[in-house]
Amino acid sequence: MNVLDSLRTDVVEAGAEALLVTSPANVRYLSGFTSPEDGRVLLTQDAAWLLTDGRYTVQAAEESKLEVDITNTYQKTWQERLIELSNGARLAIEADHLSVASFRQLEEKLGYSPVATDRLLQPYRLIKSSAEVELLREAAEITDRAFEHILGFVRPGITEIEVALELERFMVTTGADAKAFGIIVASGPRGAMPHGLASQRPLALGEFITLDFGAVVGGYHADMTRTVALGEVSSELMAVYDAVLEAQEAALAALGPGESGRAIDQLARDILDRYQLASYFSHSLGHGVGLEIHERPSLSQRVDDRLETGMSVTIEPGVYLPGKGGVRIEDLAVITESGYERLSSSPKGYLQI
Ligand code: ZN
Ligand code: ZN
């Protein structure tokens, strides 16, 4: 059964007959439309449409795998067109995305409350097809090449922002659609901020620089972190690097179908604990990646997601010492029948430049 047919069954099980998909990543997943913020998908028991407006007539026709319906927004709202197309079918919506205001508008026009569904598309998006893995692989390859390039660019005196812009310039001029998220360049004491976006701070000798970035290809996000030393750093920070690398490699090696995300997160914490560093590892070990930068599964203590063949995940332990700096090492991998394939292939041994 294909995804649409399987989803139709899920919609019926949820107590409805048609599903309005508004979450951009889900709209893109089902339709292939690359401006999904301005589109929505209506799935009924015997049809599926991409609904958008006259700005996208040409683009939607070129890109959409589904029948395209262009709403003439001078005459009617998309909600009115949606109700016409659904032709009396009982409607469900994505509760984790549709705003309360939109829900109320629909409720008023329909004369009943649409059925609120909870992440109906998640089970499909969790498992990447070989075509999706190929896009992740291409995104990871551009990310690797950007890392190699930036090693020749980084020097004392240039600012974190200059490094971030050079990474972005390199990626988008060598095949990426865009950068995957705001590039993190955190040098020296700023390395203690796990999400330290690049600032005007100049790089200095004797410090670590943490670079966390990725390319997007065909809508699929790569995500990689490397920490490199600019000149010689303190022996305390060098020891932190070794501990984080040991935790990262052990966690990566533990990936495989049937494994528990929570247990792998714990494994990394246990290794850092041997070096009295576990209390400085202040986030979860990893996350799924795909059409969104943060997806399920989660490798964390909060939930226990089981890994399955076809899931794409990051492994990214980090240690953040306030006032001193930090180290994070992150790879992107896909779970395979025999274990995992590492999509990030940049070297991660201690590197001093
Ligand atoms: Zn990252
Ligand atoms: Zn990440």
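1. Asp-69 counts as buried in this predicted model, with a relative accessibility of 9%. Asp-69 forms a salt bridge with Arg-81, and the closest N and O atoms of the two are 2.7 Å apart. The pair links distant parts of the chain, since Asp-69 sits in strand 4 (residues 67–71) and Arg-81 in helix 4 (residues 78–86), 12 residues apart.

2. Turning to the other salt bridges, a search of the whole structure finds 27 of them. One of these joins Glu-295 to Lys-128, with 2.8 Å between the closest N and O atoms. Glu-295 belongs to strand 14 (residues 295–299) and Lys-128 to the loop between helix 6 (122–126) and helix 7, so this pair ties together parts that are 167 residues apart in sequence. Both Glu-295 and Lys-128 are buried.

3. Glu-316 and Arg-328 also form a salt bridge, here with the closest N and O atoms 3.8 Å apart. Glu-316 lies in the loop between strand 15 (312–315) and strand 16 (318–321), while Arg-328 lies in strand 17, so the pair ties together parts 12 residues apart in sequence. Glu-316 is buried at a relative accessible area of 9%, and Arg-328 is buried at 2%. Elsewhere, salt bridges with shared partners join Asp-69, Lys-76, Arg-81 and Glu-84 into one network.

4. The zinc ion (ligand 1) is coordinated at 2.0 to 2.5 Å by two OD atoms of Asp-212, an OD of Asp-223 and an OE of Glu-330. The angles among these 4 donor atoms run from 56 to 149°, and the site is irregular. The zinc ion (ligand 2) is 3.1 Å from the zinc ion (ligand 1), and Asp-223 coordinates both. Asp-212 lies in strand 9 (residues 207–213) and Glu-330 in the loop between strand 17 (325–328) and strand 18 (331–336), so the pair ties together parts that are 118 residues apart in sequence. Asp-212 is buried at 4% relative accessibility, and Glu-330 is buried at 0%.

Note on methods
Residues are numbered from 1 along each chain as its sequence is written. Chains are lettered from A and ligands numbered from 1 in the order in which they are written. This is a predicted model: local features need pLDDT of at least 70, side-chain atom pairs count only at pLDDT 80 or more; totals for chains, interfaces and linings use all residues. Side-chain values use heavy atoms; hydrogens and water are left out. Donors are N, O and S atoms within 2.8 Å of the metal (3.2 Å for Na, K and Ca); water is not among the atoms, so sites may look incomplete. Four donors count as tetrahedral if all angles lie between 85 and 135 degrees; four count as square planar and six as octahedral if opposite donors are over 155 degrees apart and all others between 65 and 115; anything else is irregular. Helices (H or I, at least four residues) and strands (E, at least two) are DSSP runs, numbered from the N terminus. Buried means under 20% relative accessible area, exposed over 50%, partly exposed in between (1.4 Å probe, protein chains only). A salt bridge is a side-chain nitrogen of Lys or Arg within 4 Å of a carboxyl oxygen of Asp or Glu.
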